[in-house]
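Let's take a friendly walk through a protein model. Have a look at the chain below, and then read on.

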Amino acid sequence: MLGLLKLIQSIIKTLHSAGTPGQVAAGMALGSALGLTPLVNVHNLVIFSLLVLLNVSFGGGMLGWMLFVPIGFLLDPMFHAVGLSLLENQSLRPVWTSWTNTPLLPYTNFNNTVVLGSFVSWVVLAIPIFFAARYGVARYRATVRERVRQSRFYKAITASQVYNIYRMFRP
């Protein structure tokens with residue numbers, strides 16, 4: 001129950017944050033890479049580092065990660081097909097050979113069809129995800145935010161004893 005309450009609070013806090021819709025959307029676009037691609041890969045370490053270092057919404061990144069994990073699992077067969085077609089493409093064979101022989105690049109796991117296909121698909125989808133998220137956050141803040149703040153559910157969460165105890169200990 002406490003975990004669900006924290007998750008709902010985190011989503012609402014991100015949507016109500018002082019960050020611009022562009023910062024939240026950029027965080028969501030980066031976080032979508034964590035959700036769409038298999039988690040334990042070098043590129044996800046780079047993306048997580050970007051989430052921490054850039055002036056983007058970290059909460060937006062976590063929200064994007066959470067939203068895109070189920071989508072990533074559903075699209076795994078498509079990612080496999082994309083990765084397989086790229087790896088079997090004869091004109092790209094010199095690229096794959098040079099990457100295999102370059103230090104550190106074999107650790108990217110791009111020889112795995114799902115990893116390569118999901119990463120390439122994310123690169124293609126990152127800009128549309130950014131613009132859709134920016135539009136969604138801006139529309140939410142313009143039309144829904146005040147209704148959410150006035151709702152009984154929001155007031156119950158913010159007035160609950162668990163929430164108040166959590167607020168005392170959060171950094």
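## Reading the model

Helices (H or I, at least four residues) and strands (E, at least two) are DSSP runs, numbered from the N terminus. The model is predicted, and local features need pLDDT of at least 70, side-chain atom pairs count only at pLDDT 80 or more, while totals for chains, interfaces and linings use all residues. Residues are numbered from 1 along each chain as its sequence is written, and side-chain values use heavy atoms, leaving out hydrogens and water.

## The whole chain

The protein chain has nine helices and zero strands. Of its 171 residues, 35% count as buried, where buried means under 20% relative accessible area (1.4 Å probe, protein chains only).

## Serine 118

Serine 118 is found in helix 7. Is serine 118 buried or exposed? Serine 118 is buried, as its relative accessible area is 0%.

A polar atom of the serine 118 side chain lies 2.8 Å from the backbone oxygen of valine 114. For the backbone oxygen of valine 115, the distance to a polar atom of that side chain is 3.1 Å. Leaving aside residues up to four places away in sequence, serine 118 touches Leu36, Thr37, Pro38 and Phe79; contact here means heavy atoms within 4.5 Å.

## Where helix 2 meets helix 7

Helix 7 (residues 113–150) and helix 2 (residues 21–36) have axes that come within 7 Å and cross at roughly 145°. Axes are lines fitted to C-alpha atoms, for helices over the stretch in contact, with angles running from 0 to 180 degrees between N-to-C directions. Among the residues making this contact are Leu36 of helix 2 and Ser118 of helix 7.

Key:
Buried < 20%, exposed > 50% of the residue type's maximum accessible area, 1.4 Å probe, protein only. Polar contact = N/O pair within 3.5 Å; in protein donor to acceptor, adjacent residues only side chain to side chain.
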